[in-house]
Amino acid sequence: MDITLEVIPLPVSDIDRARDFYRDKVGFHVDIDQEVMPGMRIVQLTPPGSGCSIALGESIWQMTPGPTPAPGSYQGLQLCVADIKAAHAELVARGLDVSEPVQYAPDDGATFMHFQDPDGNGWAVQEYRRRATEPLHQLLADLKRQQA
């Protein structure tokens, strides 16, 4: 059985402001922006090349058991890029307030930069140079074929 992580609900205080931020400043694609059932508007956005999206919506939390997370309470969400310098330049050009990349070790996967959305949800961007030649979706497809 395959189990994939494809959507992460993200707590925000203003859906339109968050949609515009992730679309315009971070470069996510808006997949869905509609009322999916009476009184339930969902905005789903996906980073370019990703198999996982974020979902914004006030009613999302009514569908899941447990407490409703406060807007800005998510920290440590992580994106991966093959070239962090190029990603930094593109994000800055989009107007995103993103930290300078910091290399913690020379190893692949050890360079990061950070930003927050308008509510304070915290994101890290990790450079994983290997993704330039080995996209994750291709590695997973190859692994599945090997297991068959």
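Helices (H or I, at least four residues) and strands (E, at least two) are DSSP runs, numbered from the N terminus. Just after helix α1, Gly27 takes a positive phi of about 90 degrees. The model is predicted: local features need pLDDT of at least 70, side-chain atom pairs count only at pLDDT 80 or more, and totals for chains, interfaces and linings use all residues. Residues are numbered from 1 along each chain as its sequence is written, and side-chain values use heavy atoms, leaving out hydrogens and water.

**Annotated region**
- An unreviewed UniProt entry carries the annotation "domain: VOC" for residues 4-128; such annotations may be inferred rather than shown by experiment, and the positions follow the numbering used here, with feature names shortened.

**Nonpolar core**
- A nonpolar core is a set of buried Ala, Val, Leu, Ile, Met, Phe, Trp, Tyr and Cys residues joined through side-chain atoms within 4.5 Å; buried means under 20% relative accessible area, exposed over 50%, and partly exposed in between (1.4 Å probe, protein chains only).
- The largest such core has 24 residues, of which Tyr22, Val26, Leu56, Phe115 and Trp123 touch the most other members.
- At least two residues of this core come from each of α1 (15-25), β3 (40-46), β4 (53-56), β5 (77-81), α2 (84-93), β7 (111-116) and β8 (122-127), and α1 gives the largest share, 4 residues.

**Helix α1**
- At the start of α1, a side-chain oxygen of Asp14 lies within 3.1 Å of the backbone nitrogen of Asp16.
- Ile15, Ala18, Arg19, Phe21 and Tyr22 are the buried residues of α1.
- These residues lie on the same side of α1 because they cover an arc of only 165 degrees around the axis, taken from the directions from the helix axis to the C-beta atoms.
- Contact means heavy atoms within 4.5 Å; the cover over the buried residues of α1 includes β2, β3, β4, β7 and β8.

**Aromatic rings**
- Rings of Phe, Tyr and Trp (its six-membered ring) pair if their centres lie within 6.5 Å; planes under 30 degrees apart count as stacked, over 60 as edge-to-face and the rest as tilted.
- The structure holds 7 aromatic pairs.
- Phe28 and Trp123 form an edge-to-face pair, 6.1 Å centre to centre with 85 degrees between the planes.
- This pair links distant parts of the chain, 95 residues apart: Phe28 is in the loop between α1 and β2 (29-37), and Trp123 in strand β8.
- Phe28 counts as buried at 4% relative accessibility, and Trp123 counts as buried at 5%.
- Phe21, Tyr22, Phe28, Phe115 and Trp123 form one aromatic cluster.

Terms used: Polar contact = N/O pair within 3.5 Å; in protein donor to acceptor, adjacent residues only side chain to side chain.
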